[in-house]
Amino acid sequence: MARWPGARWRPLPEQGTQRRIKPTQLVLHSAVGRGSVWGYFAKGSVVVESTFWIGLDGRAEQYMDSAEKAEAQALGNPRAISVETADNGHPDEFPWTAAQIETLAQLAAWCHREHGIPLRLCP
């Protein structure tokens with residue numbers, strides 16, 4: 001199981017039931033809100049999930065094994081690790097905090113070491 005030591009492990013009900021993947025990308029999303037998204041993703045009526053969540057203070061939660069498919073980016077699901085990032089509800093007007101950037105950099109470095117994901121923007 002691929003778990004990042006920098007995150008609190010909070011497995012979703014789907015953990016362990018999804019197809020294994022060889023991730024080649026790290027996809028960063030906006031959660032469009034401040035709090036943890038675990039409760040939202042854990043609802044039985046919700047059919048999406050993310051691998052990670054990063055709070056405004058830089059704390060991280062991991063919901064799925066990073067070598068297991070998370071349903072967060074449509075056609076990218078078979079190859080991408082997904083990360084939701086907290087904001088103030090208006091992500092286009094609210095940049096990541098310094099703490100989020102530091103955590104995202106640490107996570108990207110771990111994804112590079114663990115999965116061989118290149119440390120560059122996707123083409």
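Tryptophan 9 touches Met1, Arg3, Gln15, Gln62, Tyr63, Met64 and Asp65, leaving aside residues up to four places away in sequence. The structure described here is a predicted model. Its secondary structure consists of two helices and five strands, arranged along the sequence in the pattern β-β-α-β-β-β-α.

**Tryptophan 9**
- Tryptophan 9 lies in strand 1, which covers residues 8-9.
- The relative accessible area of tryptophan 9 is 23%, so this residue is classed as partly exposed, given that buried means under 20%.
- Tryptophan 9 and histidine 29 are 20 residues apart along the chain, and their C-alpha atoms are separated by 19 Å.

- Isoleucine 101 is located in helix 2, which covers residues 98-115.
- Isoleucine 101 counts as partly exposed because its relative accessibility is 46%, and exposed would require a value over 50%.
- Together with Leu28 and Trp96, Ile101 forms a nonpolar patch on the surface, and the accessible area of these residues together is about 270 Å².

**Overall shape and packing**
- Taken along the principal axes, the C-alpha atoms fill a box of roughly 35 × 35 × 25 Å.
- Of the 123 residues, 44% count as buried.
- Among contacts with a separation of 6 or more, 73% are between residues 24 or more positions apart.

**Surface**
- The accessible surface of the protein is about 6,500 Å², and carbon and sulfur atoms account for 56% of this area.

Technical notes:
Residues are numbered from 1 along each chain as its sequence is written. This is a predicted model: local features need pLDDT of at least 70, side-chain atom pairs count only at pLDDT 80 or more; totals for chains, interfaces and linings use all residues. Side-chain values use heavy atoms; hydrogens and water are left out. Helices (H or I, at least four residues) and strands (E, at least two) are DSSP runs, numbered from the N terminus. Buried means under 20% relative accessible area, exposed over 50%, partly exposed in between (1.4 Å probe, protein chains only). Contact means heavy atoms within 4.5 Å. Patches are made of residues with over 30% relative accessible area and no salt bridge: like charges are joined within 9 Å, nonpolar side chains (Val, Leu, Ile, Met, Phe, Trp, Tyr) within 5 Å. Accessible areas come from the Shrake-Rupley method with a 1.4 Å probe; for residues, only the protein chains shown count as cover. A salt bridge is a side-chain nitrogen of Lys or Arg within 4 Å of a carboxyl oxygen of Asp or Glu.
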